[in-house]
Amino acid sequence: MKKLLLLVLLCSLVISGCSVSSSKEMKTNTKSSYPQTLVDQLGREVTIEKEPKRIVSGYYISTSLLIALDLKDETVGIESKPEKRPIYSMAAPEFLELPNVGTMKEFNIEATLALEPDLVLLPIKLKDSIDVLEELGITVLAINPESDELLHETIALVAKATNRIELGDNLLNKIKTFNEKLKTLLSDVDQKSVYLGGNSELLSTAGSKMYQNTLITLANGKNVASDLSDAYWANISYEQLLAWNPDVILIASDAVYSKEDLLNDTNLQDIKAVKNKAIASIPGNLEAWDSPVPSSVLGSLWIASELYPEKYSKEEFGQDVRDFYSTFYQIEASVNE
Amino acid sequence: MNKHINKFIICFAVLLGILSIVSLSIGRYQIKFEDIPGILAGTASSMKINVFINLRLPRTMIVILSGFALSYVGSVLQTVFKNPLAAPEIIGVSSGASVGAAFAIVILSGGFYITMLSAFIGAVLALFLSLFIASKSNQKSLASFVLSGIVVNALAQATIMFLKMIADPERQLASIEFWMMGGFNTITSSKIVLVVPITVISLVLLMLFRRQVEIMALKDEEAKTLGVDIRVIRPIVFLLCSIVVASIVSVSGLISFIGLIGPHLSRLILKHNSSRVWMVSGLIGSCLLLLSDMVARSIGTSEIPYLCFFCYK
């Protein structure tokens with residue numbers, strides 16, 4: 001018994017020793033040194049001369065990340081239509097007044113130059129504009145947060161570029177903790193099948209290549225449409241939906257139809273989800289969690305609370321949302337369902 | 001009559017001059033008219049010089065050139081086809097350029113330069129195909145050119161449809177659509193160094209053929225008695241027109257509606273059709289395109305595609 005105790009003690013010492021040394025290592029790396037050369041998500045080598053003080057973001061995902069990394073004051077310009085993003089008015093109302101640099105579709109190069117930025121964050125879709133800005137001597141980081149791994153890469157990249165490594169690590173750790181929590185909580189549930197109705201109509205859905213599929217999988221749901229390999233919303237038929245017969249139907253946050261429409265649709269009456277009224281819309285009052293925003297892990301948590309409320313209750317979910325937004329966005333957030 | 005037309009040419013040239021100065025001094029980056037001398041002398045801030053030389057000036061130049069070239073070509077084609085509805089689309093050039101651009105975006109996943117080159121090649125190939133089909137017809141009449149243009153257009157549309165189908169909807173499909181809407185928002189000086197000389201040379205050649213083109217407005221037999229062999233001159237004029245349109249469209253996307261409206265406005269004003277009127281038509285085209293370019297880049301925070309203004313291509 002004594003030997004066993006000793007062994008446990010020894011083990012714990014070794015483990016804590018390890019963790020101390022690793023946290024020490026983290027400490028030494030929390031400051032970015034300038035100038036630094038980074039490889040962005042287009043594979044370009046970008047040299048950042050000094051800590052950025054004037055940042056322009058042309059993509060709502062990077063804009064939200066700037067808030068989470070405490071770079072509100074350094075942000076001088078963002079993408080158009082900021083009023084579409086409720087998180088800005090809650091966590092950074094000054095963003096609504098910032099100059100716009102256009103949308104992902106039509107980006108305004110001159111407006112960006114007029115802000116004299118020392119760092120511009122743009123999605124890789126704007127490659128043409130990135131090239132022009134580079135030609136004019138502007139520092140641009142191309143980002144591509146289109147999957148979970150890529151989003152984590154984006155967070156680490158932007159955090160390193162802006163001297164916010166510690167905050168970036170905290171955010172990544174939080175995401176990891178939430179995902180691990182889901183794994184442990186939901187390890188022994190009877191997996192429920194889920195159908196996700198798209199924004200434009202119920203009969204469009206997300207296949208395995210879409211981000212929504214990742215969220216459902218992380219929440220231990222079985223996406224009935226995971227055999228579809230379309231990279232965009234795929235159209236299906238009523239018959240297909242009846243054949244899948246999902247346990248739960250989720251509705252995308254910007255959908256033009258509602259739960260009532262589904263309950264009143266005579267074609268759907270035999271589906272389990274409709275019989276049990278197991279239909280819910282992904283809440284969109286804070287951020288679009290069904291897109292790869294920094295807070296998208298909350299999308300998985302919400303789906304879990306919807307599928308397995310006995311394991312992960314709505315109250316706990318609400319607490320996690322408050323916790324996340326008060327830590328990273330300094331706001332009191334609550335979910336409207 | 002010629003003096004009367006000359007007055008109009010001068011009038012529109014002056015108007016174009018004024019519009020270009022306005023165009024050079026508006027935009028989201030603050031460069032005022034009084035900054036321009038400083039920029040040219042090199043005493044302004046380096047960013048101002050950069051923006052002016054690399055963005056503003058090339059953009060204004062390419063807009064003026066595009067408006068002029070497309071309208072002038074439009075006038076020539078309407079004369080040659082003896083049809084007020086003729087436009088660069090009629091010989092399949094625009095849709096050929098679209099196929100080229102879509103091909104570059106989807107298959108080659110190319111950037112600006114590859115897309116530009118591919119659009120140009122597509123346009124020229126479409127022209128040759130159209131001339132080839134027309135040459136197989138028995139009667140070598142104008143109608144066979146129109147008909148072969150329609151065939152080439154149909155083929156091009158089918159190809160575009162196919163390319164759109166296999167395109168990645170998130171990125172490539174949107175790129176194709178935006179390319180087709182047209183616009184000059186990523187024009188820089190390095191992007192127009194190829195296009196400007198090609199366009200200007202073909203345009204000057206086309207102007208040298210103006211007598212022959214005027215004669216082509218007559219019946220084929222009449223033209224022959226006046227010493228113009230339609231069978232030789234027609235393909236040359238088409239080729240020059242197509243090279244002009246192809247090089248413009250390859251950097252700007254589909255903005256060819258200007259090639260229909262410019263000629264009509266000039267004829268509406270002058271009630272006459274001659275090679276001098278085509279000059280007026282070209283100048284009107286430049287003014288119109290410059291105006292819509294100014295509106296497009298200053299009305300909102302983001303750039304508005306041209307087809308929103310010239311939406312009846």
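Helices, of at least four residues, and strands, of at least two, are taken here as DSSP runs numbered from the N terminus. Keep in mind that the model is predicted.

**Exercise 1. Describe the make-up of chain B, starting from its order of elements.**

Step 1. Turn to the overall form. Chain B has a radius of gyration of 20 Å, close to the 20 Å from the globule rule for 313 residues, so chain B is as compact as a globular protein of that length.

Step 2. Look at the packing. Of the 313 residues in chain B, 47% are buried. Among chain B contacts with a separation of 6 or more, 75% join residues 24 or more positions apart.

**Exercise 2. Work out which strands pair with E11(A), and in which sense.**

Step 1. Find E11(A) at residues 248-251 of chain A. Strand E7 (residues 192-197) of chain A pairs with E11(A) in the parallel sense, over four bridges. Strand E12 (residues 279-281) of chain A also pairs with E11(A) in the parallel sense, over three bridges.

Step 2. Now follow Ile249(A). This residue is the bridge partner of Tyr195(A), and Ile249(A) also stands opposite Ile279(A) in E12(A).

**Exercise 3. Which way do the residues of E11(A) point, and are they buried or exposed?**

Step 1. Recall that side chains in a regular strand alternate between the two faces of the sheet.

Step 2. Sort the residues: Val248(A) and Leu250(A) point one way, while Ile249(A) and Ile251(A) point the other way.

Step 3. Check burial: all four named residues are buried.

Terms used
Residues are numbered from 1 along each chain as its sequence is written. Chains are lettered from A and ligands numbered from 1 in the order in which they are written. This is a predicted model: local features need pLDDT of at least 70, side-chain atom pairs count only at pLDDT 80 or more; totals for chains, interfaces and linings use all residues. The radius of gyration is taken over C-alpha atoms; the globule rule is 2.2 Å times the number of residues to the power 0.38. A residue is buried if 20 or more other C-beta atoms lie within 10 Å of its own, exposed if 12 or fewer, and partly exposed in between; C-beta atoms are placed from the backbone. Two residues are in contact if their C-beta atoms, placed from the backbone, lie within 7 Å. Two strands pair if DSSP finds at least two bridges between them.
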